[in-house]
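Dear colleague,

Please find the structure below, handed over for your use.

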Amino acid sequence: MAQQVCTRCIMDTTDSITFDANGVCSVCAHDDEVRALRGYRPGVSEKELEKTIAAIRENSRGRDYDCIIGVSGGVDSAYMLYKAIEMGLRVLAVHVDSGWNLEMAEENIRKMCTALNVKLHTYVMDWPTMKELQRAYMLSGVANIDVPQDHLYCAAIYEMARKYNVKYILNGSNIATEGASAPFSAQHTYRDAWHMKSIYKKHGRGFSLKKYPFLSIRDAWLGLPGVTKINLLDFMPYSKTEAIRVLSEKFGWQYYGGKHFECRFTRYFQSVYLVKKFGYDKRRSHLSCLIRNGEMTREEALAEIALPPYPVEQQQEDEAYILERLEIAPEEWQRILAAPPTPNSAYFSQQKLIDLAMTVLGKAGMDKMKKKIYSVKS
Ligand SMILES: [Zn+2]
């Protein structure tokens with residue numbers, strides 16, 4: 001089936017989007033609004049940043065750290081770490097070892113933390129537990145099989161924030177290079193512990209998951225009470241190209257070739273699983289953001305997406321490695337890849353409850369409640 005492609009970015013109808021009369025997609029339109037509202041504004045953002053940093057320092061007096069930054073070894077979190085230190089913040093860097101990180105990513109983190117003299121806490125996930133949960137996801141047929149890792153990252157950061165009584169969590173998420181783009185619409189949120197348990201109940205092998213840090217429903221959807229999340233990169237002009245240049249020059253930091261490619265499992269999930277089973281290529285969304293950020297032309301993005309996300313031999317190596325580690329027979333995996341996708345609604349979830357709350361309270365009501373109980377600004 002021929003896909004309609006946006007005339008401004010390279011998003012197409014493999015995702016649930018619409019187009020205006022000029023053929024510009026709804027993601028572009030939404031992105032424009034978000035950039036104008038919350039993105040970097042010269043002259044204004046600098047003042048806001050100064051105020052924000054002063055507030056972080058003031059409210060963190062007497063504590064060991066001003067903020068926590070989760071570092072994946074990827075470019076956004078690494079650049080944010082660099083900027084936070086430059087602005088004089090006392091940072092606790094938290095890295096999560098889920099068993100899949102590329103050596104290059106780990107090396108990037110070590111180099112930076114040493115050079116910047118930053119305390120690094122590595123949260124090591126119990127591998128047998130991680131393996132069972134990820135194995136169940138691989139067998140489930142849903143779109144977002146990276147939930148066990150994403151949920152873990154969030155839970156680990158929250159655990160550290162509680163442990164060290166830190167009031168601020170700085171996020172590498174940013175409007176400049178990630179835009180307003182929502183994840184692939186078939187993907188279920190990473191927040192939903194009930195969905196995870198339901199998938200595990202059906203496809204797991206019955207081992208206990210008590211060593212996995214499931215988020216409570218409150219923490220998952222509302223955040224930690226008294227802890228503020230800040231997307232620091234939104235206060236400054238940010239470009240991925242420039243960040244890579246600065247990090248390489250200053251720290252000998254190395255680029256690993258694609259968004260979220262610092263993790264071997266995620267690289268395979270995005271580049272092979274979603275493409276083969278869902279016909280969806282996440283690079284469309286990633287490259288489209290770079291077009292909107294003026295870092296790439298539409299022609300360059302089209303040329304790049306025509307190439308494989310990474311070499312096919314490496315994809316096959318990753319597949320064999322993942323299947324062996326998760327004890328899945330190659331024939332069974334081929335059957336799963338060829339089978340129709342499983343809808344998220346095939347499993348029990350918190351989503352229905354949240355939808356109900358939204359219906360009863362409305363978005364404004366939910367925000368009001370959130371503001372009343374929490375001081376979440378993200
Ligand atoms: Zn577009």
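Predicted model: local features only at pLDDT ≥ 70, side-chain atom pairs only at ≥ 80, totals over all residues.

Helix α8 itself spans residues 193-203, and its buried residues are Ala193, His195, Met196, Ile199 and Tyr200. These residues lie on the same side of α8, because the arc they cover around the axis is only 160 degrees.

Five strands make up an open sheet with parallel pairing, in the order β3-β2-β1-β4-β5. The edges are held by β3 (119-124) and β5 (228-231); each has a single partner strand, so one side of each has no neighbour in the sheet. On average, neighbouring strands of this sheet are turned by 30 degrees against each other, direction ignored.

Strand β2 (residues 91-97) runs parallel to β3 and is joined to it by six bridges. Ala93 is found opposite Leu120 in β3. Helix α3 (residues 75-86) lies across β1 (67-70), β2 and β4 (168-171), and runs at about 155 degrees to β1.

As for the protein as a whole, it contains 16 helices and five strands. Its radius of gyration is 21 Å, which agrees with the value near 21 Å that a compact globule of 378 residues would have. The C-alpha atoms fill a box of roughly 55 × 55 × 50 Å along the principal axes. Of the 378 residues, 38% count as buried. Among contacts with a separation of 6 or more, 79% are between residues 24 or more positions apart.

With kind regards

Technical notes
Residues numbered from 1 in each chain as written. Pairing = 2+ DSSP bridges. Helix = DSSP H or I, 4+ residues; strand = E, 2+ residues; numbered from the N terminus. Axes fitted to C-alpha atoms, helices over the stretch in contact; angles between N-to-C directions. Contact = placed C-beta atoms within 7 Å. Buried ≥ 20, exposed ≤ 12 C-beta atoms within 10 Å, placed from the backbone. Arc of directions from axis to C-beta. Rg over C-alpha atoms; globule rule 2.2 N^0.38 Å.
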